[in-house]
Amino acid sequence: LAQAFWLSPFPPLPLPATSHTYTFTHRQTPHNLALLNPPSPFWLHLHVFNYICSSEPQPTNPPCACPRSGKLSLPTKPSSSPRFCLSLSARLHPEGRSSFIHHSATSPQVYYIALEHSRPSVLFRSEHLHPRSHSCQPAGWEFARLRDFAPTARAKMDGHEAPSEAAGPELPTSGVAQMSTLARKKAALGAKESIKQTAANVLMQLALDDDNKHAVREAGGLKKLVSLLTSPDIDVQLNVLGALTNLALADQNKVEIRELQAIPKIVDLMDSEEELVREKVVEVIWNLAGNDENRLALLYAEAVRKLLDVLPSNSKLSELSERGNYIVSSALGALANLAVHPENQTAIREGGGLKKAVDLVSGTQGPEKTKERAANCIENLSLDRENREQIRILGGSAHLVRMLLSANDDWVRAAAGAIKNLSVDEESKADIAKQEGVRALVDLLLHQDMVIVGKSAECLGNFANEAEYRQKIRELGGIDKLLSLLDAGTPDEARLAAAGAILNMAVDDACKVTIKDSRGIDKLVMLLNASLPLTLRAVASMALTNLAAEEECAAAIAEAGGVNALIQSMGKPTDDVLQEKASSALWNLSVVDSVKATIRKAGGIPFLLSVFEFSTFVPAIENSLGTLLSLAETQENRFAIAQAGAVNLLIKLLESEHPSVLEKAAGVMWNLSHEESVQHSVRKLGGLKSVIALLSSDSPLIRFNAVGSLPLLTEQMDNVHECVELGVISPLVDLLASETNVLALQNVAQTLGNIAEGHEQFQQSIAELQGLKRLVDVMLTWSDKLREQRLEAADNPLSAGSGDANTQELLAKCCYAVWLICQKHEANQLIFAEADGLAALVSLLPSEGDETLLELAAGATCALCEANAPNKERFREENGLEPLIHLLEHENDAVKLNAAKALCHLAENEDNRRIIRELGGLERLVQLLSH
């Protein structure tokens, strides 16, 4: 019988008036949301059993398509009334449509079959940014679960996937049944027109096959068909439009049809007096609108305006014929595809399309499909911010919520899709919530239709971006319902949507507790299983990232085996996104001290390093660096990281063109440099040059991390010599003049001190490059700030904090640098004094200062006055003797010792000896003899 179908001649045209058309809809579950490129359209092959055909318009129990197996299931048993039964094997496009069958009443066993079957999938992208709270790791990400994942500060969406066949408008194909129902006027037309009409009809049938779509184009068929659009023969127009409908399902054909300037001709036929012609034009437009450039071309050809003219008010739907209602429904489908383009979103709004779509959604007149497709149209129109606001003002939110509460599953699916896009705005969220939309969405999580369940979870994911709605969803029991969807047996699409909603819920501390107490962490860890889709595993990793920001949840994740599962997600089977999300979760987990060791013992370090070696995906590299940055806070981990070959990989990353990578690679190098073995490895592997180059970076964070490692690296004498040869002194001195970060300045001063220690040549180089003068400037500036901080603390004790301590530490390290730069170097001693350095130093000697500061200030005084008569006198003139004498009574022995040493050098001056005696210095020194 299958062969009989393909070999049967086409019936004479037009068909007898006794012929009938049967339409049945096949359904499918939507394709995996993770697919950004769905499969190409495929076609049906029908096998017709010899059941007696009925003249009733539609079977009550139609066959159903399964897109994965490529089979069409039959009703379990035929109806008792006359019906026909089909056995169909098929490969389906993700958004298939319907089949049309003609039969001749005079020969009921012969069937002429044309298939209306599929729509091209139009994919739109949505972007979601995941803000982080950083210490040395992300505290968590907020994430708007739509159809696709990408980074905005809130749930702003620039795009979404077009509704799938199960959720939205189907795209048409054409068959002989529809193309030849008008009587031909043979008297007016000759054989040539009949040949053209028949040839177009055959091409229409041939174009049901994918290969033939391309073959027709390559044979020049599109050009010929387009030339026939202006034919005066209605049947020619119908068959040409039918052929173009089928051919336009191929992407290359969409492009060529536009390039042949066919779009204006097609749109012009919307003005035809023949209703069937207008119907076919709408179908062609619908298919052509699957291409972005075509959407714009259709706009310029007035297609948007003419399609809007087709749409009646809701009250007029009941007055339309069956075909008229079909045209309205198809026009809404075409507008939904056109509404992907921003210019069309504006044009539809300015043409009154929003009001019409909302009106059609609100009413009870007309076919159910019209209301469904109006909601699909609103879904895509809601990609535009102004449209969302207008839809809300027009009451669209309330009507869509009512659709959610209906018993019609198609309506519920379509309404959920539209609400998903509308709910990215706070105002729309509030409007939907006011209509009890949140409660309705939570209730729909228990629906039997898993497509509806998934869409409801997506909507809740958007609501969960606001603290107010997170609390409401939690109070309505939404967390437990969402967690139940994570169990095995739930379709992956619904699990993905539920995991995305849990991800957003996990931003809230109370929700974290509920998720943990409901064993949600165990379920999320199970979603990391390597047998599951990568996208699902990535979203589960993101949810664990948010949960891991809370210490008890982090411990629970580790206890549930999450650390090992996340580490395994870094290896095959994996992809860039999964590596990024898994390493992000590990980053948050690594903040907990006990988990640091767990990650190392589970073999996580080699997996993290493998990202640097084999991946070019910057977010994954960045998160892996962040994890290592945290892990390297312990000595055991530093040894393990270094032994795994990290230093060489990090040196390569220090030459990256990405600032975020440079920043974190320098940070990891800083932490690792606490180990002497690493200090030597960095030099031997040529890393000092890269670190020094980063000192001139425009990024404060890169400079901060780069200079942070230098005090450690310059602990080794060989490193000091190589750093000087590489020109490190000049950028360090420049940083003293330009840097404002107190911690960075600390490390600059300490590094200069390390370089100068015991090297007269290096002492001289620092002075020649104005290093001493810059140190004096820093000391004067920050000693003033220290006095301000102390006055503020005196007035408001609660304001005293780390600022005072950091400032004193900076001044102490400046004294350290001065001490080592000027020690036993008379020229440098004088340079420092001439730059008013002694006055700056004296201001630091009062005994209320930090012990380390006082110790190093007294030590610097000793170094500056040793064998330098002018400095001895200048120090006295700056009134430095009295505070120095007071330090002899300080409780810290190191402070007393350095103060005594300084007085020893100062007492070589006669005037100084007298003043020391007059100020009670002798008595204090005598007391030290019995210390």
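Author: Rings of Phe, Tyr and Trp (its six-membered ring) count as a pair if their centres lie within 6.5 Å; planes under 30 degrees apart are called stacked, over 60 edge-to-face, and the rest tilted. By this rule there are 2 aromatic pairs. Phe463 and Tyr469 are both buried, where buried means under 20% relative accessible area, exposed over 50%, and partly exposed in between (1.4 Å probe, protein chains only). Trp670 and Phe704 also form an edge-to-face pair, at 5.4 Å centre to centre and with 65° between the planes. Because Trp670 belongs to helix H36 (residues 659–672) and Phe704 to helix H39 (residues 700–713), this pair ties together parts that are 34 residues apart in sequence. Helices (H or I, at least four residues) and strands (E, at least two) are DSSP runs, numbered from the N terminus. Trp670 and Phe704 are both buried.

The model is predicted: local features need pLDDT of at least 70 and side-chain atom pairs count only at pLDDT 80 or more, while totals for chains, interfaces and linings use all residues. Residues are numbered from 1 along each chain as its sequence is written, and side-chain values use heavy atoms, with hydrogens and water left out.

Rings also meet charges here. A charge sits over a ring if NZ of Lys or CZ of Arg is within 6 Å of the ring centre and within 35 degrees of the ring normal. The charged end of Lys371 is placed over the ring of Trp411, 4.3 Å from its centre. Lys785 lies over the face of Trp782, 3.9 Å from the ring centre.

Next come the contacts between opposite charges. A salt bridge is a side-chain nitrogen of Lys or Arg within 4 Å of a carboxyl oxygen of Asp or Glu, and the count by this rule is 48.

Arg349 and Glu386 make another salt bridge, with 3.4 Å between the closest N and O atoms. This pair links distant parts too: Arg349 is in helix H13 (residues 342–350) and Glu386 in helix H16 (residues 385–393), 37 residues apart. Arg349 is buried, since its relative accessible area is 17%, and Glu386 counts as partly exposed at 44%.

In the bridge between Lys581 and Glu580, the closest N and O atoms are 3.0 Å apart. Lys581 is buried, with a relative accessible area of 6%; Glu580 is buried as well, at 8%.

Salt bridges can also join into a network, as they do for Arg385, Arg388, Glu389, Arg392, Asp425 and Glu427.
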